[in-house]
Amino acid sequence: MKILITGGAGYIGSHTIIEILENTDWEVISIDNFSNSSEQNYDRIQQITGKKIKHYAIDLKDLAATETVFSENPDIIGVIHFAAHKAVGESVEQPLMYYDNNLNSLKNILTCQEKYKVPYLIFSSSCSIYGNVAELPVTEKSAIAKAESPYAYTKIIGETMINDMSMISDTLKAISLRYFNPVGAHPSGLIGELSIHKPNNLVPFITQTAIGKQESLTVFGKNYDTRDGTCIRDYIHVSDIANAHILALQHLIINNKNLPHDIINVGTGVGSTVLEVINAFEKVSNEKLNYTIGNKRAGDVGAIFANNEKAKQLLNWEPKRNIDDMMSSAWKWEKHLSLTMNEQS
Ligand code: UD1
């Protein structure tokens with residue numbers, strides 16, 4: 001069974017390839033244009049799994065190039081589509097880059113799936129599409145509020161495109177996985193989130209501050225209506241997210257007469273405040289983190305965490321790693337990165 005992974009050199013894509021190679025007999029091919037990832041990740045995947053994967057350095061906005069992958073691999077039966085820009089703040093500053101990249105890539109994938117009759121699609125969606133929610137935890141039936149960022153809006157439109165296509169396609173069966181906050185790294189410490197630019201997300205900023213790449217972390221706001229005044233998020237280990245993709249694809253294959261497009265939350269169901277995350281990091285790393293309290297960040301919602309019953313019931317999925325595992329693996333990865341950078345310099 002051959003699966004195409006787009007964004008396979010990226011953060012969640014690379015962890016998903018490892019889970020697939022270690023737990024299934026599926027063959028994987030990958031497309032990545034390395035816009036926010038490194039080709040070295042394929043070597044690291046090989047180092048961890050002992051398996052080499054076929055990959056293409058292609059920009060998915062290029063339909064003709066994308067199509068060559070489908071024509072050269074007529075036995076692809078499913079696509080896991082990760083490739084997208086994903087920084088909320090950047091999307092506010094450069095909305096057209098987000099609409100162009102995230103929507104045209106998906107349009108081209110759907111075009112090729114339709115033309116080459118590739119039935120299964122797992123799409124990376126995001127909890128950001130729930131916006132400022134009235135009731136917690138959020139279920140898949142919670143109302144989609146106004147998108148707080150172009151990034152979130154590309155995910156709303158992406159899900160809509162898939163939905164509309166699944167209505168007219170004879171073959172397409174899809175699941176959109178709405179991730180909450182993916183963090184952590186592979187336990188080997190060889191692979192993790194690579195922040196080519198200054199990180200926007202909390203956990204890479206914490207580990208970079210602890211290692212000395214950043215001077216200090218700013219906690220964005222301390223007067224939210226939460227137990228310690230800082231924002232609450234549902235942090236989830238990237239390998240647990242990776243595993244959800246395998247189960248979702250298996251579910252589509254086995255139950256392919258069901259709904260043509262389904263939507264599933266992927267979160268732990270547990271919310272942590274920013275200060276709780278910092279405390280967990282300090283505990284597992286034995287490092288004292290340099291941080292200050294700053295202003296709220298534009299576009300941030302106060303609290304969000306998942307109701308994950310649907311993933312548990314439908315996919316038999318269960319998150320296995322807790323916040324300590326997330327922090328210790330992220331820290332191991334950061335230390336590995338600084339070691340390899342020192343060796344190179
Ligand atoms: C958002 C989306 C998530 C998406 C992710 C992609 C929401 C609710 N979530 O995550 O679906 O996948 O972007 O990047 O919209 N923080 C600090 N200091 C920092 C950085 C962050 O205090 O230097 C705080 C933020 O205010 C927030 C929390 O840490 O409360 C997590 O922030 P971040 O890691 O950026 O993720 P989200 O914005 O929640």
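Start at the ligand. One of its oxygen atoms sits 2.5 Å from an N or O atom in the side chain of D300. That falls under our polar contact rule: a pair of N or O atoms within 3.5 Å, where within protein one must be able to donate a hydrogen and the other to accept it, and residues adjacent in sequence count only if both atoms are side-chain atoms. T218 uses its backbone: an N or O atom there lies 2.8 Å from a nitrogen atom of the ligand. N201 uses its side chain, with an N or O atom 3.1 Å from a ligand oxygen. How many residues surround the ligand? The count is 23, and the closest are S126, L202, T218, R233 and D300. Near here means a heavy atom within 4 Å of the molecule.

A word on provenance. This is a predicted model; local features need pLDDT of at least 70, side-chain atom pairs count only at pLDDT 80 or more, and totals for chains, interfaces and linings use all residues. Side-chain values use heavy atoms, leaving out hydrogens and water, and residues are numbered from 1 along each chain as its sequence is written.

Now the domains. Domain 1 covers 2-183 + 235-266, and domain 2 covers 202-231 + 270-344. Those bounds come from an automatic or database domain assignment. The C-alpha centres of the two lie 24 Å apart.

Next, their interface. 31 residues of domain 1 are in contact with 29 residues of domain 2, contact being heavy atoms within 4.5 Å. Together the domains bury about 2,600 Å², 65% of it on carbon and sulfur atoms. Buried area is the accessible area (1.4 Å probe) that two parts lose on being put together, summed over both. Which residues of domain 1 lose the most area to domain 2? Y235, H237 and D240, together 26% of what that side buries.

D240 comes back in a salt bridge. Its partner is R321, with the closest N and O atoms 2.6 Å apart. The rule asks for a side-chain nitrogen of Lys or Arg within 4 Å of a carboxyl oxygen of Asp or Glu. Between domain 1 and domain 2 the count is 2 salt bridges. The interface also has 9 residue pairs in polar contact, both at pLDDT 80 or more. On the domain 1 side, α8 (238-254) gives the most, with 7 residues. Helices (H or I, at least four residues) and strands (E, at least two) are DSSP runs, numbered from the N terminus.

Most residues other than glycine have a negative phi, and most peptide bonds are trans. K117 has a positive phi, near 55 degrees. K117 is in the loop between α5 and β5. L136 and P137 are joined by a cis peptide bond, omega about -10 degrees. P137 belongs to the loop between β5 and α6.

Questions, please.
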